[in-house]
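Please keep the structure in view while reading.

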Amino acid sequence: MIRPEILAPCGSAEALTAAVRSGADAVYFGAGDFNARRNADNFDGEAFSRAAEICRLHGVRFHITLNTLAADSQLAALQQTVQRTCREAADALILQDLGALRLVRQMCPDMEKHASTQMSVGTRAGLSLLRSRGLTRAVLPRELSASEIEALCKDKPLELEMFVHGALCMCVSGQCLLSAMLGSRSGNRGLCAQPCRLSFAAEGGTGHDLSLKDLSLLENAQTLAALQIDSFKIEGRMKRPEYVAAAVTACKSALDGTYTAQQKAELGALFSRSGFTDGYFQNTLGKEMFGTRQKENVTAATNALFKKYAALYEKERTVFPVDFTLQAKVGEVPTLKAACGKYRAVAVGECLCETAKSVPLTEEKACVQLQKCGGTVFYAQDIHCRFSDNVSLPLSALNALRRTALSELEAQICAAEPKRTANVPLDFSAHTAGIPKRYLRFRSVSQIPDGVTADRIFLPLGTPRAVLESYQAGVYLPRGLFGTEEKIAEQLRNSGAAYALCDTLDAVAIAKNAGVEIIGGAFLNIFNTLALEELAEIGAAEATLSEELTVSQIAALGGSLPRGVCVYGRTPLMLTRNCPVKNGKSCKECGRQSGLTDRKGIFFPVLCENGFSEIFNSRPTYLGDRLSEIRNVDFHLYDFTTESKTECAAVLRAYAAGEAPVGEYTRGLFYRGVE
């Protein structure tokens with residue numbers, strides 16, 4: 001069994017020191033604004049160079065997080081960040097944005113590329129698609145069960161990484177718009193405000209029914225290692241260095257089979273939300289998985305506990321063995337050769353060796369001094385001495401030789417050959433489109449108005465073939481597909497649908513394998529021109545743009561792939577595998593009529609499909625009177641969720657007439673955008 005890599009979070013220089021000295025095999029950190037923890041200290045300029053040197057000096061791989069969406073106006077800056085990352089010879093880039101993936105692949109084909117969990121890929125078809133796009137590793141969703149992980153590990157198409165400890169979001173990563181819609185702080189752009197940790201209450205629930213306990217799979221570490229998970233990832237780039245040291249140490253213990261109840265308790269004291277859960281892994285969903293950060297959680301970590309784990313990284317950790325060869329002959333300058341793997345250094349003394357007047361240098365004395373490598377990452381292994389008889393060499397001179405030789409080895413190890421890069425042209429001509437087509441999505445056939453006309457209609461997968469044919473309709477694939485890939489693929493093949501709306505790369509891969517025309521959905525997070533080009537190359541016929549783009553950003557996008565925007569509907573804010581409504585009532589009691597109420601008394605509907613729940617905005621986005629302001633799009637998508645047949649018909653009439661909105665509504669993010 002190959003031991004998994006332990007991958008530690010580093011949001012500051014102190015956390016980096018804690019990680020490398022505590023024994024992490026690899027670390028991950030941000031190197032600018034294009035990472036999912038923009039509020040962490042991160043590493044820019046000289047801090048990046050120093051961090052890279054520290055990692056190499058400790059034999060630790062470093063992965064750079066470029067796992068956010070970039071607008072066209074930011075692609076030049078993103079290209080500079082990639083160039084800097086290649087100059088520092090980073091070991092891997094962690095990516096979410098399809099456009100960023102395309103840019104990195106074109107700029108630096110040799111760079112190892114990892115799919116962030118923000119890509120939301122959790123099926124074999126999706127993993128195979130990632131491999132075909134040049135990715136070598138994927139971070140699996142946190143929502144998978146043990147049996148689902150095992151299935152993905154069999155003949156895996158690329159390396160697999162998993163979060164084994166840390167915060168657990170309610171929403172599937174990369175599928176959340178809650179923070180963006182409520183306050184323009186986008187999780188997809190690295191500035192999530194975590195509104196889910198506030199009060200969102202289901203009837204009879206916990207009162208905080210969007211807040212889960214922290215994840216910990218450390219007690220299942222050996223099981224995951226046996227499944228051949230390649231990397232154990234620890235969440236926590238916003239957390240203290242003591243937490244990083246404790247989590248890395250606990251991870252090592254868990255793999256060795258020595259993880260204790262005391263370690264678990266200390267981890268919980270350092271940071272947790274009402275303790276830990278492994279509910280997804282064990283497939284035991286429900287109220288027990290929910291928790292919040294309580295006062296007792298905040299005060300649990302004592303100064304003594306912080307000091308205990310700070311002590312783990314106070315002193316330098318020895319990593320590299322060094323073989324020394326000391327030559328000291330009367331009348332010659334002394335030399336010390338140091339060999340460390342492929343690295344070689346020679347230190348030459350400043351003064352000639354003399355004949356000893358009283359006590360000559362002995363091999364025993366020389367070995368004692370050369371073994372004093374404290375404060376460095378080196379330790380003396382083999383020591384060879386070549387002395388002339390009765391030679392004298394001051395111990396201070398011998399110490400200077402050792403320091404010089406080790407310093408040269410350090411410099412060689414810290415230096416790295418930059419990865420070659422090429423510039424990618426980023427001058428895009430804005431896309432031009434004719435009169436936008438009308439696309440309609442209905443969550444139920446019963447919503448379809450009499451005599452409705454549209455260029456495309458999307459109905460639920462599983463709609464009878466005769467109904468699809470009568471409307472010349474396609475289907476939409478569920479956003480949540482984990483564990484149901486084969487069932488969904490078979491349903492799609494048997495549906496007779498000619499086209500499918502696909503909101504995730506998992507869905508895209510399934511539709512592609514089925515030979516069905518692919519219409520990319522909004523939750524593919526298409527945010528820039530390069531992402532449109534990448535999606536076209538994957539095989540999509542059209543794309544729905546991200547709901548986080550503004551009208552001006554939409555109009556400026558280039559590329560030839562036909563694209564559209566959702567102009568009406570309740571924006572899906574979250575996709576979760578743990579229904580919050582079930583904290584208070586059964587599915588039968590719910591009857592698809594329930595939801596959550598926030599601290600202001602605002603109601604957010606919840607609808608379930610294929611084992612997942614979607615939480616929708618409290619009011620629909622309405623643009624019937626402002627459609628002319630959305631330029632350079634090829635279609636308008638109307639997404640009907642909770643509306644009745646009569647209400648759907650009324651909306652379509654209002655849009656056709658360009659009427660102003662009536663009742664509660666929002667303009668979405670079309671004008672205010674996201675940070």
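## Strands and salt bridges

In strand E2 (residues 26-30), 5 of the 5 residues are buried, so this strand is largely enclosed by the rest of the structure. The model described here is a predicted one. In a regular strand the side chains alternate between the two faces of the sheet. In E2, Ala26, Tyr28 and Gly30 point one way while Val27 and Phe29 point the other way, and all of them are buried.

Strand E2 has partners that can be followed residue by residue. Strand E1 (residues 5-9) runs parallel to E2 and is joined to it by 3 bridges, and within this pairing alanine 8 has valine 27 of E2 as its bridge partner. Together with helix H1 (residues 13-22), the strands E1 and E2 make a right-handed β-α-β unit. E2 also pairs with strand E3 (residues 61-66), again in the parallel sense, over 5 bridges, and here tyrosine 28 has histidine 63 in E3 as its bridge partner.

Antiparallel pairing is found in another part of the model, where an open sheet of 5 strands has the order E8-E26-E27-E28-E25. Strand E8 (200-201) and strand E25 (572-576) are its edge strands, each of which pairs on one side only. E25 and E28 are paired in the antiparallel sense over 4 bridges, and proline 572 has phenylalanine 616 in E28 as its bridge partner.

Turning to charged side chains, the structure holds 37 salt bridges, and the table lists some of them.

| Salt bridge | Closest N and O atoms |
|---|---|
| Glutamate 534 and arginine 105 | 2.7 Å |
| Glutamate 235 and lysine 239 | 2.8 Å |
| Arginine 443 and glutamate 614 | 3.1 Å |

Arginine 443 and glutamate 614 are buried. Elsewhere, salt bridges that share partners join Glu5, Arg61, Glu112, Arg137, Glu159, Glu161 and Lys233 into one network.

Technical notes. Residues are numbered from 1 along each chain as its sequence is written. This is a predicted model: local features need pLDDT of at least 70, side-chain atom pairs count only at pLDDT 80 or more; totals for chains, interfaces and linings use all residues. Side-chain values use heavy atoms; hydrogens and water are left out. A salt bridge is a side-chain nitrogen of Lys or Arg within 4 Å of a carboxyl oxygen of Asp or Glu. Buried means under 20% relative accessible area, exposed over 50%, partly exposed in between (1.4 Å probe, protein chains only). Two strands pair if DSSP finds at least two bridges between them. Helices (H or I, at least four residues) and strands (E, at least two) are DSSP runs, numbered from the N terminus. A crossover is right-handed if, with the strands pointing away from the viewer, the path from the first strand over the helix to the second runs clockwise.
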